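User: I would like to go through this structure with you. Could we take the salt bridges before the other topics?

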Amino acid sequence: MSTDPQAETAAAENPATPEAEPSAAAEAEAEQATDAVPAEGEATGPAAEPIDEATEDEDGPGSAEGADDAVRDTATEDEDGPGPAEGEAGADAEAAGSAGPAAGEAAAPALSEAQAELAAQKIERERIARRKAEREAPVEAGAKLSGKAADLLAAVRAVEGGAKPPTVYFDEAPAAPRKAPAAPPAPRPAAPAAVATPAPSADTVEGVRAVLARGGAPEALAGQAAAALGEDAAGQLTENPWRLLSLPAVRPTQADGFARALLGAEAGPGDERRTTVLVGWLLTQAGLKGHTALEAPVLEKALAQYGVPDPAEALELAIAEGSVLVFHEPLGPPVAETAAAEDAEDAEDTEQPVRVLVGLEGAAMAEESLADGLARLAAGTFDASEDWERAAGSAPSPSAAELIRAVAGHGLVTHTGGEAARAEPVALAAAARESGLRVCLAAHAPGGGPDRVTVAGLLSGAEGPGRDTDGQFALDLLVVLDAPQLDVETAAALVESVPDGARLVLSGDPGVLGSAGAGRVFADVLAARTCPQLVSRTPDPGPLGELVSGVGIGELNQVDAPGKEVVIVPVKDAGEAVHRAVQLVAESVPRAFGIPADSVQVITPGHGGSAGTRALNAALKERLNPGPGRFGGFDAGDRVVHVPSAGRALAARVVSADAEGLHLDREGVRIVVPKELVESQVRHGWAVTAHQAVGTRWPAVVVVLPGDAAQALSRDWVYTAFGRGERHLSVVHGVDQALPQAVAEVPAKPRTTRLTGLLTALATAGAQQR
């Protein structure tokens with residue numbers, strides 16, 4: 001087949017007709033309760049390199065046959081960040097453990113970019129906790145945090161038994177607040193001061209190593225275990241061997257084997273030490289898939305899958321010990337508003353349906369604080385001055401004018417639209433600056449202009465306007481692009497840093513893939529409808545815009561592409577898919593469109609498999625920048641992706657390497673990745689996943705869909721991947737009917753969150769007070 005687009009299809013063709021493909025079973029599984037948590041033998045999340053079986057996103061779509069759909073969920077570090085042995089199916093416990101000790105045992109001499117960002121977010125979370133404790137009244141959001149185990153257990157039993165739940169479920173926030181920071185974050189230009197967590201002592205590591213050896217676990221895990229569990233790690237593991245699950249590379253089956261070796265016959269599946277740790281581990285895994293909480297029946301079903309004889313009792317024990325929190329979320333509007341009873345007595349007897357949710361403190365605290373902060377901003381009102389009206393009158397489009405007028409009078413506004421609509425919040429920012437306001441425009445990924453910063457850089461203090469003496473942003477208007485990429489912890493830190501009297505605009509495309517971390521912040525804010533919502537009427541132009549817009553509403557349309565803006569390249573197998581992708585990047589696209597190979601990005605569903613990012617990057621490197629990989633597998637000139645933290649995939653190019661580490665150039669900024677972190681934070685970047693590509697666009701994009709990618713496809717994945725190209729899109733297509741079927745029938749995976757209910761209840765309470 002010719003590689004020249006002149007010989008290829010001149011217009012986009014519907015690659016297939018919607019012929020029924022048997023995916024009903026997979027869809028049914030996605031609706032089951034177990035969708036939120038992993039079954040035994042499934043891969044589970046970002047840093048957790050599975051020992052039993054690999055996920056599709058790690059080792060290629062279809063490689064983990066029988067796994068539930070949630071394991072192939074979006075927003076995992078397997079997709080957004082490389083791991084030391086990521087996706088290597090069949091690795092044993094020794095291999096999993098050997099990947100991490102170097103980073104776990106070595107003390108970094110200075111804060112890295114990732115450490116600075118995490119430290120800044122930690123300070124913000126501590127400040128959130130402090131501010132929340134100072135408030136006199138708890139947040140009336142349908143479910144407050146509780147510290148009384150008896151009330152919690154009574155509530156769970158009452159709801160599960162069908163009885164009317166008690167009037168009061170919860171009291172104040174958790175009884176053990178986070179330790180307050182010694183001082184507020186320092187104003188710019190310096191990043192917020194933070195002290196790196198000290199490395200565990202040699203004696204601690206040696207003590208853990210001895211316990212691991214007695215239990216038959218890899219001694220190489222000693223550094224990680226000591227860092228995760230603290231100075232008393234050896235004692236904790238001796239008392240409760242299942243604490244080994246604190247390490248991301250460890251699976252329950254391995255922790256069970258370790259416990260049996262240490263405890264003998266005493267280590268049974270119903271051991272209270274096991275079940276309590278297992279409840280927390282399951283919630284952690286659910287968080288990696290985007291959930292901030294799980295329904296109690298879902299969690300009990302997952303416990304049963306791991307052999308727990310009495311899941312309900314195990315959950316009650318975990319709640320009683322305070323390792324997890326429980327919430328009751330009303331379903332539907334308050335009964336008082338909908339009851340048909342004519343007298344108050346009948347209305348009181350009408351039960352309010354609720355669902356019982358269980359979650360970890362971190363996500364719960366972040367979600368409560370985020371709701372509180374958003375409600376605070378939404379309550380702000382402003383008088384629109386003549387400057388705002390003049391700015392609206394000279395706006396570049398009617399949608400931009402509507403946005404300017406909405407922001408003029410409100411403290412919190414949401415804005416939705418496609419790629420072309422991104423110009424509207426940019427116009428808003430320009431108008432606000434002309435009015436004399438201090439404005440910051442923040443996005444998920446770097447680039448897009450000198451006035452734009454990244455959310456991570458803004459939070460760390462490396463970018464943006466800096467902070468005032470109270471630790472809040474020195475600004476009057478914060479406009480956040482790519483709002484769907486906000487997880488709850490990042491969003492909470494961001495919103496809490498917006499001062500009273502300032503405005504916040506959340507803007508983004510709700511059709512793209514969601515955040516790498518837990519939560520669905522933007523979607524929940526939209527669903528709550530507690531602030532003005534502006535929907536752009538600016539369509540994305542051209543054949544590419546028409547194609548992507550159709551995908552967004554579930555239609556894979558044939559579009560007229562006279563300039564070969566969209567080209568379909570059918571292939572028979574994965575080997576041919578790799579061959580055609582390399583030809584398109586190296587020859588066809590540069591020749592036909594004058595776009596250099598370095599400006600063509602390949603996107604594929606997973607890292608592993610015969611046409612995943614690993615295989616594609618190996619082939620593209622051999623063609624575009626061959627070399628021996630003298631810098632730990634990399635050569636000068638290699639395109640790479642640097643992942644300083646989960647969910648942040650930053651394009652860069654290798655410059656050199658020395659004793660300090662790997663030197664990269666990231667859009668003119670030189671960074672150094674320490675030697676011990678190169679394997680876990682850097683991978684070749686000619687080919688990436690759609691999760692890594694979200695928030696960034698290239699002149700040309702080649703989307704590779706090998707035959708084994710069928711089960712990994714969904715509407716939001718296709719929408720995101722197809723929308724990354726500015727001028728040209730080539731689809732190397734080998735999935736037959738699966739592509740139109742995914743677009744029409746496979747929506748984004750649901751996430752269990754509490755933010756919508758919290759915001760709705762806060763808005764209702766505020767309206768009643770007024």
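User: To start, is aspartate 665 buried, partly exposed or exposed?

Analyst: Please note that this is a predicted model. Aspartate 665 counts as partly exposed, at 24% relative accessibility. The cut-off for buried is under 20% and that for exposed is over 50%, so a value of 24% falls in between.

User: Which residue does aspartate 665 meet in a salt bridge?

Analyst: Its partner is arginine 670, and the N to O distance between the two side chains is 3.4 Å. Arginine 670 is itself exposed, with a relative accessible area of 58%.

User: How many salt bridges are there by this rule?

Analyst: The count comes to 22 salt bridges. One of the pairs is arginine 520 with aspartate 524, where the closest N and O atoms are 2.5 Å apart. Arginine 520 counts as partly exposed at 33% relative accessibility, whereas aspartate 524 is buried, with a relative accessible area of 1%.

User: And where do arginine 390 and glutamate 386 lie?

Analyst: Both belong to helix H18 (residues 386-393), and they are four residues apart, about one turn of the helix. Glutamate 386 counts as exposed, at 62% relative accessibility.

User: Which residues are linked in a network of salt bridges?

Analyst: Glu266, Asp271 and Arg273 are linked in such a network.

User: Back to aspartate 524. Which residues of H23 are buried?

Analyst: They are Val521, Phe522, Asp524, Val525, Leu526 and Ala528. Helix H23 spans residues 521-528 and is mostly covered, with six of its eight residues buried.

User: What do the buried residues of H23 pack against?

Analyst: They pack against helix H17 (361-378), strand E4 (412-416), helix H22 (488-496), strand E8 (503-508), strand E9 (533-535) and helix H31 (755-769). After H23 comes arginine 529, whose phi is positive, near 55°.

User: Now the strands. Why can E5 be called largely enclosed by the rest of the structure?

Analyst: Strand E5 covers residues 439-443, and five of its five residues are buried, so the strand is largely enclosed by the rest of the structure. Val439, Leu441 and Ala443 point one way, Cys440 and Ala442 point the other way, and all are buried.

User: Which strands is E5 joined to by bridges?

Analyst: Four bridges join E5 to strand E7 (residues 477-480), in parallel. In that pairing, cysteine 440 stands opposite leucine 478. E5 is also joined by three bridges to strand E6 (residues 452-454), again in parallel, with leucine 441 opposite arginine 452.

User: In what order do the five strands of the open sheet run?

Analyst: The order is E10-E19-E18-E11-E17, and the pairing is parallel. Strand E10 (566-570) and strand E17 (687-688) are the edge strands, each pairing on one side only. E17 pairs with strand E11 (residues 600-603) over two bridges in the parallel sense, and isoleucine 603 stands opposite valine 688.

User: Which helix lies across E11?

Analyst: Helix H29 (residues 715-722) lies across E11, strand E18 (698-705) and strand E19 (725-733). Its direction is at about 145° to E18.

User: Changing topic to aromatic rings: how many aromatic pairs does a search of the whole structure find?

Analyst: The search finds one aromatic pair. The rings belong to tryptophan 281 and tyrosine 306; their centres are 5.8 Å apart and their planes are at 80°, so the pair is edge-to-face. Tryptophan 281 lies in helix H12 (residues 272-288) and tyrosine 306 in the loop between helix H13 (296-305) and helix H14 (311-320), so the pair ties together parts that are 25 residues apart in sequence.

User: Are tryptophan 281 and tyrosine 306 buried or exposed?

Analyst: Tryptophan 281 is buried, with a relative accessible area of 6%. Tyrosine 306 counts as buried as well, at 6% relative accessibility.

User: One last point. Over which ring does the charged end of arginine 503 sit?

Analyst: It sits over the ring of phenylalanine 382, 4.0 Å from the ring centre. Likewise, the charged end of arginine 754 sits over the ring of phenylalanine 327, 3.8 Å from its centre.

How values were computed:
Residues are numbered from 1 along each chain as its sequence is written. This is a predicted model: local features need pLDDT of at least 70, side-chain atom pairs count only at pLDDT 80 or more; totals for chains, interfaces and linings use all residues. Side-chain values use heavy atoms; hydrogens and water are left out. Buried means under 20% relative accessible area, exposed over 50%, partly exposed in between (1.4 Å probe, protein chains only). Two strands pair if DSSP finds at least two bridges between them. Rings of Phe, Tyr and Trp (its six-membered ring) pair if their centres lie within 6.5 Å; planes under 30 degrees apart count as stacked, over 60 as edge-to-face and the rest as tilted. A charge sits over a ring if NZ of Lys or CZ of Arg is within 6 Å of the ring centre and within 35 degrees of the ring normal. A salt bridge is a side-chain nitrogen of Lys or Arg within 4 Å of a carboxyl oxygen of Asp or Glu. Contact means heavy atoms within 4.5 Å. Axes are lines fitted to C-alpha atoms, for helices over the stretch in contact, and angles run from 0 to 180 degrees between N-to-C directions.
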